[in-house]
Amino acid sequence: MSALQRAVFLDRDGTIIEEAGYPDRLERIVFFPFSVDAVRTLNAGGFAVVVVTNQSGIARGVVPDAFVGQAHRHIAARMEAGGARIDAFYYCPHHPEAFDVSLRGPCECRKPRPGLLRRASADLGLDLPRSFIVGDRWQDLGAGQAVGARGVLVRTGVGREQEQRTDARLPGALVVDDLAGAAAWILQQA
């Protein structure tokens, strides 16, 4: 039996790409200038890199489900062009106020619930307690905490506002400026 792989789970909007509300066109997907380099650094460090993202725009009828797949292929291609790799994308289409009742919660995949991480672990053979999660919201880190992964809050996206919310802060979470800082810290821990 082979050993399970360590992973870095990344939130999408506000962490890899700029926060844009409900991006519904590829031209609204704007990468942070450090994102490709940070992912390439994590790849070189031997981590699987997995995007886990809440996409409530699907449930709200604002973003077509098919566009989310198109957006993820676009992100993967941009990473690949820069010598980086996203190993997999997982997203939650649910929301408690969904327009489509079949997408109305509760569900196990909407962060802070850990369903997306557990599914990725089962699919890819990941060692969750030896993994990390990076996002711009405390709920991102909550999903990681639920499975024993260490969390890093980035100040990009809505991270600066989240950092000020002492009611939602998670003990033991690190706060850094951006994904590049998170990647550097994660490699030091490894």
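Buried means under 20% relative accessible area, exposed means over 50%, and partly exposed lies in between (1.4 Å probe, protein chains only). These legends show a predicted model, in which local features need pLDDT of at least 70, side-chain atom pairs count only at pLDDT 80 or more, and totals for chains, interfaces and linings use all residues. Residues are numbered from 1 along each chain as its sequence is written, and side-chain values use heavy atoms, with hydrogens and water left out.

**View 1. R28 and D24 meet in a salt bridge.** A salt bridge puts a side-chain nitrogen of Lys or Arg within 4 Å of a carboxyl oxygen of Asp or Glu. Here the N to O distance is 3.4 Å. R28 has a relative accessible area of 28%, so it is partly exposed. D24 is also partly exposed, at 30%.

**View 2. D140 and K111 form a salt bridge.** Their closest N and O atoms are 2.8 Å apart. D140 lies in helix α5 (residues 138-145) and K111 in the loop between β3 and α4 (115-124), so the pair ties together parts 29 residues apart in sequence. Helices (H or I, at least four residues) and strands (E, at least two) are DSSP runs, numbered from the N terminus. D140 is buried, at 2% relative accessibility. K111 is buried too, at 2%.

**View 3. R155 and E163 meet in a salt bridge.** The N to O distance is 2.8 Å. R155 is partly exposed, at 21%. E163 counts as buried, at 17%. Elsewhere, salt bridges with shared partners join D24, R25, E27 and R28 into one network. The model's count comes to eleven salt bridges.

**View 4. F47, F132 and W185 form one aromatic cluster.** Rings of Phe, Tyr and Trp (its six-membered ring) pair if their centres lie within 6.5 Å; planes under 30 degrees apart count as stacked, over 60 as edge-to-face, and the rest as tilted. The model has three aromatic pairs. In one of them, the ring centres of F47 and F132 are 6.0 Å apart and the planes stand at 75°, so this pair is edge-to-face. It links distant parts of the chain, 85 residues apart: F47 sits in the loop between α1 (35-44) and β2 (48-54), and F132 in strand β4 (residues 132-135). Both F47 and F132 are buried. F132 and W185 also pair edge-to-face, with 5.9 Å between centres and 90° between planes. W185 lies in helix α7 (residues 179-189), 53 residues from F132. W185 is buried as well.

**View 5. Six strands form an open sheet.** Two strands pair if DSSP finds at least two bridges between them. The order is β3-β2-β1-β4-β5-β6, and the pairing is parallel. β3 (88-92) and β6 (174-176) stand at the edges with a single partner strand each, so one side of each has no neighbour in the sheet. Strand β5 (residues 150-154) pairs with β6 over three bridges. V154 stands opposite V176 in β6.

**View 6. V152 lies in strand β5.** V152 is buried, with a relative accessible area of 0%. Which residues does V152 touch, not counting residues up to four places away in sequence? They are I133, V134, G135, L141, L174, V176, A182 and W185. Contact here means heavy atoms within 4.5 Å. The C-alpha atoms of V152 and V50 are separated by 15 Å, and these residues are 102 apart along the chain.
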